[in-house]
Number of protein chains: 2
Amino acid sequence: MTIMREPIFPKAPDTRGLERGTVLAPRFDAAGLIAAVTTHAETGEVLMLAWMNDEALRRTLETGRTWFWSRSRQEYWCKGETSGDRQWVRAAYYDCDGDTLLVVVEQEGAGACHTGAHSCFFRAFGAGGAGTTPGSASAAANGGGAGGRATS
Amino acid sequence: MTIMREPIFPKAPDTRGLERGTVLAPRFDAAGLIAAVTTHAETGEVLMLAWMNDEALRRTLETGRTWFWSRSRQEYWCKGETSGDRQWVRAAYYDCDGDTLLVVVEQEGAGACHTGAHSCFFRAFGAGGAGTTPGSASAAANGGGAGGRATS
């Protein structure tokens with residue numbers, strides 16, 4: 001038996017509502033998930049991308065910490081609950097078509113990545129020239145390359 | 001008839017290869033897609049999230065502009081080809097488990113968002129306190145909130 005429950009978040013009535021509405025109407029995908037990018041409140045660095053379902057998003061809003069849905073483990077996880085690398089929500093945004101969230105966090109501990117790196121994006125690729133070689137496992141992850149934030 | 005072709009990118013041999021390997025081994029999802037976050041090379045601002053398949057990623061690397069796969073239109077698109085809001089790749093990163101890309105770009109024109117906003121993340125939600133109310137449609141999108149990059 002499937003247990004139906006009330007949706008936690010509203011649906012946008014139409015494209016205009018989706019693009020211009022000022023009430024969060026997240027568009028979860030077929031698996032009930034929405035991508036959530038987290039960035040560091042102080043540096044602006046992109047830390048990680050993980051997935052929320054409606055309940056994870058509700059918990060995030062309620063607790064002020066980031067909650068996600070693990071696709072591999074099929075369970076909720078609160079970032080840092082085990083590692084101590086907690087994330088405290090300082091601001092949050094939704095995108096023009098409502099299918100991605102951006103969560104600005106204060107990052108506790110060593111960083112956001114389970115490998116111990118500050119950001120999950122610690123490896124560069126492509127031939128963008130100097131700066132695409134990863135330097136440290138932290139700030140270099142995002143500012144690198146010509147015109148990188150830290151140097152321009 | 002399904003036409004098989006050689007994969008464009010290698011697969012990581014195992015978890016260690018995935019997390020520590022220094023050659024890009026993107027993990028495309030069941031639909032053959034990988035999430036690509038773009039950020040502004042000068043400000044660090046998160047501009048948008050879109051999806052690449054292997055060929056879009058190949059084109060991005062080859063041309064130095066961002067190519068995506070449109071899930072709604074089921075076609076390739078080169079960012080800015082119609083609008084003029086082109087993105088020039090300055091650096092690119094892959095994350096710890098190889099299923100998200102971060103592309104640092106120079107953004108031409110008005111911005112990255114099809115609505116005319118500089119960033120797609122121009123609307124705040126939640127009760128993070130002062131600063132979660134969207135200010136302008138550009139820089140406020142990412143720095144907002146206590147400890148936002150621009151103010152800390």
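What you see is a predicted model, where local features need pLDDT of at least 70, side-chain atom pairs count only at pLDDT 80 or more, and totals for chains, interfaces and linings use all residues. Residues are numbered from 1 along each chain as its sequence is written, chains are lettered from A and ligands numbered from 1 in the order in which they are written, and side-chain values use heavy atoms, with hydrogens and water left out.

**Confidence**
- Chain A averages a pLDDT of 85, and 82% of its residues score at least 70; pLDDT is the predictor's confidence in each residue, from 0 to 100.
- Residues 129-141 of chain A have a pLDDT below 50, and the pLDDT also stays under 50 over residues 144-152 of chain A.
- For the complex, the predictor gives an ipTM of 0.84 and a pTM of 0.84.

**Helix α2 of chain A**
- A:Thr60 sits in helix α2 (residues 54-63) of chain A; helices (H or I, at least four residues) and strands (E, at least two) are DSSP runs, numbered from the N terminus.
- With a relative accessible area of 6%, A:Thr60 is buried (buried means under 20% relative accessible area, exposed over 50%, partly exposed in between, using a 1.4 Å probe and protein chains only).
- The side chain of A:Thr60 reaches the backbone nitrogen of A:Trp67 at 3.0 Å.
- Other buried residues of α2(A) include A:Ala56 and A:Leu57, and the cover over the buried residues of this helix includes β2 (46-52) and β3 (67-70) of chain A.

**A:His118**
- You'll find A:His118 in the loop between β6 (100-107) and β7 (123-124) of chain A.
- A:His118 is buried, at 18% relative accessible area.

**Salt bridges**
- Across all chains, a search of the whole structure finds 18 salt bridges (a side-chain nitrogen of Lys or Arg within 4 Å of a carboxyl oxygen of Asp or Glu).
- A:Glu55, A:Arg58, A:Arg59 and A:Glu62 are linked in a network of them.
- A:Glu75 pairs with A:Arg73, with the closest N and O atoms 3.0 Å apart.
- In chain B, the side chains of B:Arg90 and B:Glu106 meet in a salt bridge (2.7 Å, N to O), linking strand β5 with strand β6.
- B:Asp97 and B:Arg27 form another one at 3.9 Å, N to O; both lie in loops, so this pair ties together parts that are 70 residues apart in sequence.

Notes: Contact = heavy atoms within 4.5 Å. Polar contact = N/O pair within 3.5 Å; in protein donor to acceptor, adjacent residues only side chain to side chain.
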